Amino acid sequence: MKWVSMKWVRRLSIAVLGFVLVASVLAGIGLFALNTASGRDWIKNQIAGLEFENGLRVDIEALDGSLYSALRVRGLTLSDPQGVFARVPDLALDWSPVAFLWGHVDIDQLSADTATLSRVPVFAETAPSDEPLLPDYTISIDEFAIERIMVDKAVAGSERIANLEASVHIEDRRADLTLSAQS
């Protein structure tokens, strides 16, 4: 009887170890495939497919570089129900997505040479909500910078050019923001 029980335990241990090994290999293959051109295209399409209740749309022409460290976002546009209101031709993102496993979005640098705000967005009305405005996870952006923000006269009354530097830390639904801007 002891021999049969030990055999069963041994077989179960081998099966569990085999399952963990196969699952790990498949996860590794999936993470590798996600960081290929077709994987980045799939992510770009997922972002384009997001539907926000207020009508906000985010479109991206291309994602270049590594999804897991230094990523370039090419042709970022933000739209409301009336159309595009902001464009960023080239956005650099240096981040650590592994921290997301612990509920932390950890961005070392988010920067762009230029951005254009062509008009003030007009979002669709949404029902009042008791939900908090800020998310219930930690977001850190150590360095956020836009060298040249072109603000159209529809926004500021006359065309303006500015730059922006900031750092952001959101935790426990509280935001700590350091901001410096010049026009």
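Helices and strands are DSSP runs, of at least four and at least two residues respectively, numbered from the N terminus. The legends below describe close-up views of a predicted model.

View 1. R173 has its place in the loop between β7 and β8. The phi angle of R173 is near 60°, a positive value in a residue other than glycine. R173 counts as partly exposed, at 39% relative accessibility. D172 is also found in the loop between β7 and β8. Its phi is near 50°, again a positive value in a residue other than glycine. With a relative accessible area of 61%, D172 is exposed, because the term applies to values over 50%.

**View 2. Strands β7 and β8 form a hairpin.** The hairpin has 2 residues between its strands, and D172 lies in the turn. Strand β7 covers residues 160–171, runs antiparallel to β8 and is joined to it by 9 bridges. One of the paired positions can be located by name: S167 has T178 in β8 as its bridge partner. Strand β8 comprises residues 174–182 and is hardly covered. Of the 9 residues in β8, the count that is buried is 0. In a regular strand, the side chains alternate between the two faces of the sheet.

**View 3. Helix α2 has its buried residues on one face.** Helix α2 spans residues 37–48, a run of 12 residues. From its first C-alpha to its last, α2 reaches 16 Å, close to the 16 Å expected at 1.5 Å a residue. Which residues of α2 are buried? They are G39, R40, I43 and K44. Seen down the axis of α2, these buried residues fall within an arc of 145°, so they line one face of the helix. An α-helix has 3.6 residues a turn, so residues three or four places apart point the same way.

**View 4. A nonpolar patch lies on the surface.** The patch is formed by L12, V16, F19 and V20. Together these residues have about 390 Å² of accessible area. L12, one of the members of the patch, has its place in helix α1, which covers residues 2–34. At 41% relative accessibility, L12 counts as partly exposed, because its value falls between the limits of 20% for buried and 50% for exposed residues.

Notes
Residues numbered from 1 in each chain as written. Predicted model: local features only at pLDDT ≥ 70, side-chain atom pairs only at ≥ 80, totals over all residues. Heavy atoms only, no water. Expected span 1.5 Å × (residues − 1). Buried < 20%, exposed > 50% of the residue type's maximum accessible area, 1.4 Å probe, protein only. Arc of directions from axis to C-beta. Pairing = 2+ DSSP bridges. Patch = residues over 30% accessible without salt bridge, like charges linked within 9 Å, V, L, I, M, F, W, Y side chains within 5 Å. Areas by Shrake-Rupley, 256 points an atom, 1.4 Å probe, with all protein chains shown as cover. Salt bridge = Lys/Arg side-chain N within 4 Å of Asp/Glu carboxyl O.
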